[in-house]
Amino acid sequence: MTRGVFDRSTRFGGRRLHLGVCGSVACCKSAELLRSWRKLDIHVSATLTDAAQHFVKPLLFESLGAFPVYEGMFDFRTDVFAHLEPGSRADVFVLAPASADALSRLAQGAASDMLSAQVLAFDGPLILAPAMNPRMWGNKAAKANVDTLLERGAVLVGPDSGDVACGEAGQGRLAPLPEIFLAALRALAPQDMAGLHVLVTLGATREPWDGMRYWSNPSSGLMGAGLAVCAWLRGARVTAVCGSGCASLLPRAITACGVSRAREMFEAARDIWPQTDMGMFAAAVADFSPVEIGARKFKKSLAPEGLSIAFTPNPDILATLAATRRPSQKVLGFAAESAPDMQSLLALAREKRADKMADVLAANCINRQGSGFGSPTNAVAVTDVRGREETWPEQDKADIAWNLCSWLLTL
Ligand code: C5P
């Protein structure tokens, strides 16, 4: 699984997830999912159907930290009520991969095998990530089963379209693992941002000065992606305006609008802003754009003595949108600063919050290890419109995002 923005969050430690694994070539990928939830200290138990055990062994899941790992209905000797266990303990039940056969048994309310019985005895959030041959997925019988389960409140992740193991192509591939991973976290997260529409800007803008070169900065977009994913996990609808290359950090449930130049980011954010309840402006926007010296590649032979480029200012997205907001719209801004210590950083945050008319402003040092551009962690000084001020030591950007969302909800 590729590195995601929430794969080191501390927010989900101690929660309980039950993983159902059905027979499919894709069941080898379940082990990877198990590892990613275990990294967050989520307690994972698992059930492998008989069919799954033809592809993978319980020992693999046990070795990766799943406990207990259930097999057949009558193979589990230590607890005669094992078929009820996840139902009484798990906070979320994920079937990945969910086979056509399992979906059929679940839709019927069968209890003839361990997995079906466990699902029947579970009344929490159920997440289904199907994987099967495209003709099976397209069959009306499979569709009716899925519709029944959706009507009962199950959440469907995928399946995706593409090549499948049998050599055919079509819809039936297991969804990308980060989508399944995050769907489970959403089911575990408080839904305290439900009903809100949140705008997030993230990443770096690129300002071209000839046909192939541009002016930019090293922002990775991780802090903004952390905020966007966090708001979505907590129930918000999120629209993200993404600088170069960072839309791929977001799950598909977030509407991502990819832009390149600061002016494009401004126009996209300005158009969405009136429909939203909250703006989180985490993008590293170029304050100036070079005056382009042509649409073709500039030849260095034309400037043997060196090159001077003129710059024009860009609109300040945060300041402009904060100034035109409805009173109910909340605004979070950032500041990338060079400061000798956290108290000086806090002073800079205070000044910038007032200048930009943000409700909350988080400043981070670009001249500190474990903080700022490209780092998975950040250390910030935060201040708000009511005078609350805090400095937070280095922590994962997902945790910073979580705390900032909580802070905004108090205003
Ligand atoms: O003024 P400065 O660049 O330090 O401000 C940083 C904050 O302002 C960030 O929240 C950034 O996203 C936002 N900003 C903006 N448009 C600009 C410059 C900064 O939205 N042109």
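Which residue stands opposite Leu126 in β5? That would be Phe93. Before going further, note that this is a predicted model: local features need pLDDT of at least 70, side-chain atom pairs count only at pLDDT 80 or more, and totals for chains, interfaces and linings use all residues. Residues are numbered from 1 along each chain as its sequence is written, and side-chain values use heavy atoms, with hydrogens and water left out.

**Around β5**

Helices (H or I, at least four residues) and strands (E, at least two) are DSSP runs, numbered from the N terminus. Strands count as paired if DSSP finds at least two bridges between them. The pairings described here look like this:

| Strand | Partner | Sense | Bridges |
|---|---|---|---|
| β4 (residues 92-98) | β5 | parallel | four |
| β5 | β6 (residues 155-156) | parallel | two |
| β18 (residues 360-365) | β19 (residues 377-384) | antiparallel | five |

On the β6 side, Ile127 has Val155 as its bridge partner. Strand β5 (residues 126-130) is mostly covered, with five of its five residues buried; buried means under 20% relative accessible area, exposed over 50% and partly exposed in between (1.4 Å probe, protein chains only). Side chains in a regular strand alternate between the two faces of the sheet. Here, Leu126, Leu128 and Pro130 point one way, while Ile127 and Ala129 point the other.

**The eight-stranded sheet**

Eight strands make an open, mixed sheet, ordered β13-β12-β9-β14-β17-β18-β19-β20. β13 (255-258) and β20 (389-396) sit at the edges with a single partner strand each, so one side of each has no neighbour in the sheet. From one strand to the next, the twist averages 20°.

Contact means heavy atoms within 4.5 Å. Axes are lines fitted to C-alpha atoms, for helices over the stretch in contact, and angles run from 0 to 180 degrees between N-to-C directions. Helix α11 (residues 262-272) lies across β9 (197-202), β12 (237-242) and β13, at about 160° to β12.

**A helix pair**

Helix α5 (residues 100-108) packs against helix α8 (residues 140-151) at about 50°, their axes 9 Å apart. The contact uses Leu103, Ser104, Leu106 and Ala107 of α5, and Asn145, Val146, Thr148 and Leu149 of α8. Those residues split into five nonpolar, three polar and no charged; Ala, Val, Leu, Ile, Met, Phe, Trp, Tyr, Cys and Pro count as nonpolar, Asp, Glu, Lys and Arg as charged, and the others, Gly among them, as polar.
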